[in-house]
Amino acid sequence: MIKTLIILPVSREQHLLRVFASLENLECDRERTGLLVFLDGEPALYLTAQNLVEQSKFADRQCIQGEIPGPHKEFSINTR
């Protein structure tokens with residue numbers, strides 16, 4: 001039974017490897033933690049994210065590709 005679900009929205013590849021490396025270092029009960037990645041991006045990005053999800057340590061893991069409705073805004077530390 002999953003007690004904790006990590007929901008990770010992804011729209012670009014920047015920092016994706018770093019985020020997954022951090023998730024792997026997260027101290028948690030693997031059997032009671034799930035990972036749901038919701039991807040809004042290109043098919044190539046979906047394949048990259050799907051491979052990372054499949055390699056993750058969590059008991060229940062899923063990667064879903066969809067489109068978030070409405071205008072897209074890109075935020076960056078450089079634009080602040």
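L16 touches V10, L45, T48, A49 and L52, leaving aside residues up to four places away in sequence. Contact here means heavy atoms within 4.5 Å. This is a predicted model, where local features need pLDDT of at least 70, side-chain atom pairs count only at pLDDT 80 or more, and totals for chains, interfaces and linings use all residues. Residues are numbered from 1 along each chain as its sequence is written, and side-chain values use heavy atoms, without hydrogens and water.

L16 also belongs to the largest nonpolar core, a set of 15 residues. Such a core joins buried Ala, Val, Leu, Ile, Met, Phe, Trp, Tyr and Cys residues through side-chain atoms within 4.5 Å. V10, L16, F20, L23, L35 and V37 touch the most other members. β1 (4–10), α1 (16–25), β2 (33–39) and α2 (43–55) each supply at least two residues. α2 gives the most, with four. Helices (H or I, at least four residues) and strands (E, at least two) are DSSP runs, numbered from the N terminus.

β2 is mostly covered, with five of its seven residues buried. Buried means under 20% relative accessible area (1.4 Å probe, protein chains only). β2 pairs with two strands, and pairing requires at least two DSSP bridges between them.

| Strand pair | Sense | Bridges | Residues opposite |
|---|---|---|---|
| β1 and β2 | parallel | seven | L8 and V37 |

The chain runs from β1 through α1 to β2 in a right-handed β-α-β crossover. Right-handed means that, with the strands pointing away from the viewer, the path from the first strand over the helix to the second runs clockwise. β2, α2 and β3 also make a right-handed β-α-β unit.

Terms used. Buried < 20%, exposed > 50% of the residue type's maximum accessible area, 1.4 Å probe, protein only.
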